[in-house]
Amino acid sequence: MQARSVWSLRLTTFMVALIPIAVAVNFVGKYVAQVLRLPLWLDSIGTVLAAILGGPVVGALAGAVNNVFYGLVQDPVSFWYAVTSVFIGLAAGYLAYRGWTKTPAAAVGLGVAVAVVAAVVSTPLNVLLWGGTTGNVWGDALFTSLRLSGFPVWIASFLDEFVIDLPDKVITVFVAYLIFRGLPERLVAQAGAVAARDAD
Amino acid sequence: MRPPSLYVPGSTPVHRADPVTKGVWAASLTLAGFLVPDWRGLALLFLLNAAVLARAGVLRRVAGLVLASALLVVTFFVAQGLTHAGSGEVAFRAAGLPFYREGLVFALTLAFRLWNTILAMGVLVLTTRPQDLVAALLMRGFPPRAGYAVASVVQLLPTVWAAVAAVLDAQRSRGVETDGGLGRRLRALLPMLGPLVMASLTAAQERAVALEVRGFSRKGPRTVFRPVADMPGALAVRSLGLALFAASAAWRAVL
Amino acid sequence: MRVADVHVRYALARREALAGVSFAVEPGELVAVTGPHGSGKTTLAYLLMGLLPHAFRAEVRGVVEVAGLDPVREGPGGLAGVVGLTLQNPYNQITGARDTVYDEVAFGLENLGLPREEIARRVEEALSRFGLARLSERNPFSLSGGEAQRLAIASVWALAPRVLVLDEPTSQLDPRGAREVMAAVAEARRNDVAIVLVEHRAEWIAASADRVLVLDGGRPAAYGPARSVYRDPGLADLARPLPAVARIAEALTGTRALDDEEALALLRPFAGAGAGAGAARRPGEVPPPAADRPPRVEFEGVTFGYVPGTAVFESFSLALGGPGVTALVGENGGGKSTLLRLLLGLLRPQSGRVLVCGEDAARRSPAELARQVAVAFQNPDDQLFLPKALAEAAYGARNLGRAKGEAEAEALSAMEALGIAAHRDRHPYDLGFGERKLLTVAAAVAMRTPVVVLDEPTMAQDGPSLARLRALCRRLAEEGRLVVLTSHDVEFVADVADRVVVLAAGEVVCDGTPDEVFGSDEALARAGLAPTAASRLARALGWRERPAKAACFVERARAWHDRSVGGGTA
């Protein structure tokens with residue numbers, strides 16, 4: 001592999017073509033979860049996959065385009081959360097480059113890390129925009145009881161977001177990891193995949 | 001099920017207004033909403049945007065979006081009403097729990113901020129084709145590669161979406177159960193998403209070749225074939241939006 | 001444009017994808033490139049477009065020169081407007097950058113930075129040249145395959161390239177789309193553009209190409225004027241099989257004819273062979289053979305429509321059955337895909353019943369029905385997801401509860417029969433489209449169901465694969481299974497099927513043996529099918545009976561010839 005920095009901004013045309021596909025996969029992941037009646041969102045598989053394949057910059061761009069597009073076609077509030085998506089892409093891309101996609105256990109770790117990053121970035125937005133709640137019934141019930149027990153807004157809001165993000169992001173990242181492992185060598189090589197796959 | 005979309009086709013003056021002016025308006029008024037400290041001021045912004053949306057004939061669509069946010073609004077009232085005590089004045093009790101007056105007012109402010117975001121952004125997204133927005137941005141020096149990444153999603157999402165039904169048919173016919181217990185349905189996830197992702201990535205590979213052939217990575221100036229002209233009075237509308245934003249910031253600073 | 005002694009090796013690859021290829025094309029010439037799966041045709045196309053090594057990592061040696069430029073140095077960015085390339089899959093070439101046909105063509109010109117008036121002029125010229133003017137406001141993704149492929153050609157044409165490289169533009173299209181696209185290629189030829197066309201069909205190449213380059217395993221196997229290359233007896237079935245007329249003429253006269261006219265001139269002496277009496281039944285009069293033996297598929301008074309009020313089928317009845325091969329033919333939109341989906345339990349009839357091996361399809365989930373009927377759908381990419389070909393071929397059988405070893409043995413034997421066993425450990429997506437299709441056929445066969453459904457298995461197949469596919473279908477029939485297939489390839493259908501059912505507008509318009517169906521002009525017209533070569537020749541020679549199969553034609557002509565020689569009347 002050529003000595004290209006993992007943070008390089010130079011995008012090949014394939015990577016540019018990968019971004020809309022990553023966004024489409026985000027949407028379709030959610031759609032398939034609905035078709036199969038699964039109690040999950042699974043709406044960032046594409047972002048994570050783009051990050052694993054193309055690195056943190058491609059992941060971040062996929063995340064940004066995802067939320068801009070989501071804002072245009074589904075929910076105008078989602079523009080704010082483009083920041084979260086960008087950081088999901090950055091974190092997944094960088095950690096994948098550091099080898100967190102080599103084993104199933106590492107992939108679970110990657111999922112936890114992505115969930116932490118997502119919650120850390122979303123919390124200030126939730127607090128500044130909406131007083132700390134997320135709109136998820138279970139998370140907000142936790143928020144309310146923590147606040148009533150005297151916890152500060154920031155901690156209550158972080159946990160509100162995190163309890164929802166943890167299972168969803170772990171499964172999202174794991175599904176992305178399984179798909180990544182099954183991709184043809186030619187495609188992975190062309191993406192210049194920064195992440196490593198163990199030889200199986 | 002069809003792929004999601006918010007754009008409502010039409011030919012009202014709001015539809016015909018150029019995307020950049022609408023974008024400036026939507027951004028200024030959204031941000032203004034987060035600066036205005038009082039719900040009554042927010043209610044004014046709400047009415048202003050509602051009037052614009054009514055002129056565009058998309059009130060019904062935006063009402064749907066506001067209703068969809070109902071759950072979030074309820075959590076505002078419950079969470080803030082119970083926890084935001086302020087001076088400690090209790091408005092009412094429900095199930096033995098005290099709901100504080102200041103918390104409820106704060107929740108109302110939050111609710112209006114949410115609705116204001118939906119309405120202000122709605123002025124842009126409900127009346128603008130995403131392609132036109134991208135074309136307008138490209139004319140102002142937005143990088144063509146980033147423009148492509150956004151604009152092509154509009155075209156590519158329906159194709160991936162349509163493949164879901166075909167993959168479902170193919171996998172069920174090879175004995176993959178998609179009904180039944182949670183475990184069974186979870187096991188169908190990979191056979192469903194695998195072909196969708198692999199086919200899409202392969203398509204992206206070929207599409208990259210097609211883009212190269214069409215001079216996508218050529219250096220040098222590009223033409224915008226369908227230029228988007230500014231609406232008449234664009235400057236006035238943009239100035240009004242920015243003025244409202246400035247006024248909100250001033251209100252916030254004074255308090 | 002010229003290429004001299006070029007070698008290409010992809011990163012990580014063991015052998016060279018191209019090894020010592022040389023050829024040249026002058027402006028206004030058309031050179032066809034042909035050869036079996038994996039022979040390096042697409043690599044050559046990518047090379048000319050400057051994609052190697054810029055988009056795909058590869059090592060290139062030798063001389064490549066296109067309009068005075070070196071593609072290997074220029075890369076695709078420097079070649080836009082000089083070289084144009086189109087690919088096999090029509091829809092993957094739609095950029096998605098714009099939402100109308102008109103603007104899609106304009107996109108490339110925008111990238112070249114041309115003035116707006118010039119863009120409009122070129123777009124309109126390209127649209128009208130390739131018959132797309134009335135589609136200019138349509139969304140590109142809503143076009144038919146043939147239209148989308150013409151759009152790809154028009155988009156590249158508008159850039160005014162000096163060299164046009166077309167990589168199998170018709171391989172994924174139905175006959176109508178293929179005809180449209182080949183007309184477009186002929187249109188492109190009228191100017192001073194050098195055309196490199198990757199193509200399989202010998203009859204078309206013989207009729208239209210100035211020269212043909214045959215590749216085999218990356219090496220040049222033959223190069224020269226098409227007629228002389230195809231007449232070389234050493235070159236049997238490297239590409240698509242030779243046209244059926246060529247095989248008939250060669251079998252009877254020892255000379256390969258490359259079109260009907262030539263064949264007729266050679267076969268004149270056999271005109272008398274068709275004088276013999278034949279008790280040809282009228283198609284549809286007699287019930288088809290052995291439909292009451294298992295395995296059976298019955299449609300009983302089925303009514304079905306996607307939209308209420310517009311039925312695709314109304315009180316439709318059809319019984320298929322007995323071991324054998326039944327072909328469903330007819331134009332797109334005639335109801336073939338809907339019928340197959342009803343059979344597979346993916347669609348439920350609004351009234352009536354579909355019985356598969358005696359079970360009511362509506363009472364079973366499609367996954368349960370998979371014990372009775374296995375299918376290979378038209379698009380293999382709707383189902384492939386495992387990283388190894390063998391695992392993919394065994395996946396359906398595993399879902400039916402078979403042990404891994406048993407399922408894989410069965411899968412491997414099906415892959416062997418189709419000539420793809422060597423790919424057992426490769427990733428399905430590293431195979432070509434045609435080979436991926438064969439893999440899904442193997443996966444369906446390996447499920448060992450009484451009924452096997454193959455939807456357009458002949459699409460994108462080369463000569464040897466077609467022959468293997470035919471042999472496999474016959475073997476399944478001998479094993480007592482019922483194969484139901486659809487195909488636009490009339491020669492294949494005539495060769496393999498025991499029974500042909502013609503569907504049009506949701507009705508069976510003709511049902512009988514291949515000889516009966518292909519012998520009926522009315523049936524062919526309603527099915528939108530061309531007659532087979534044997535049938536065309538028999539008619540032109542004035543035979544009373546028209547055999548559908550090339551082999552039957554040859555047999556009859558030989559028998560007559562031997563008789564007449566024996567009787568001294570010839």
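Predicted model: local features only at pLDDT ≥ 70, side-chain atom pairs only at ≥ 80, totals over all residues.
A residue counts as buried when its relative accessible area is under 20% and as exposed when that area is over 50%, with partly exposed in between.

**Salt bridges**

Over all chains, the search of the whole structure gives 49 salt bridges. Here are three of them, with their N to O distances.

| Side-chain pair | N to O distance |
|---|---|
| C:Glu104 and B:Arg214 | 3.1 Å |
| C:Asp381 and C:Arg436 | 2.9 Å |
| C:Arg448 and C:Glu406 | 3.4 Å |

Let's start with the pair formed by C:Glu104 and B:Arg214. This bridge crosses between chains: C:Glu104 sits in helix H3 (residues 101–111) of chain C, while B:Arg214 lies in the loop between H10 and helix H11 (234–254) of chain B. Both partners are buried.

Next come C:Asp381 and C:Arg436, joined by a salt bridge within chain C. They are 55 residues apart and link distant parts of the chain, with C:Asp381 in the loop between strand S15 (373–376) and H13, and C:Arg436 in helix H15. Are these two residues buried or exposed? Both C:Asp381 and C:Arg436 are buried, which means that each has under 20% relative accessible area.

The bridge between C:Arg448 and C:Glu406 also ties distant parts of chain C together, across 42 residues: C:Arg448 is in the loop between H15 and strand S16 (451–455), and C:Glu406 is in helix H14. C:Arg448 counts as partly exposed because its relative accessibility is 38%. C:Glu406, with a relative accessible area of 39%, is partly exposed too. Over in chain B, salt bridges with shared partners connect B:Asp18, B:Arg140, B:Asp230 and B:Arg238 in one network.

**Helix H13 of chain C**

Helix H13 spans residues 389–399 of chain C and is mostly covered, with eight of its 11 residues buried. Among them are C:Leu390, C:Glu392 and C:Tyr395. What do the buried residues of H13(C) pack against? Their neighbours are helix H10 (189–213) of chain B, plus helices H14 (404–417) and H15 (433–445) of chain C. After H13(C) comes C:Gly401, with a positive phi near 95 degrees.

**Where chain C meets chain A**

Eight residues of chain C contact seven residues of chain A. About 700 Å² is buried between these chains, and carbon and sulfur atoms give 51% of that area. On the chain C side, C:Arg57, C:His427 and C:Asp430 lose the most area to chain A, together 52% of what that side buries. The chain C residues touching chain A comprise five nonpolar, one polar and two charged. Zero salt bridges are found across this interface, and one residue pair is in polar contact.

Conventions
Residues numbered from 1 in each chain as written. Chains lettered and ligands numbered in written order. Heavy atoms only, no water. Contact = heavy atoms within 4.5 Å. Buried area = accessible area lost by both parts, 1.4 Å probe. Salt bridge = Lys/Arg side-chain N within 4 Å of Asp/Glu carboxyl O. Polar contact = N/O pair within 3.5 Å; in protein donor to acceptor, adjacent residues only side chain to side chain. Nonpolar A, V, L, I, M, F, W, Y, C, P; charged D, E, K, R; others polar. Buried < 20%, exposed > 50% of the residue type's maximum accessible area, 1.4 Å probe, protein only. Helix = DSSP H or I, 4+ residues; strand = E, 2+ residues; numbered from the N terminus.
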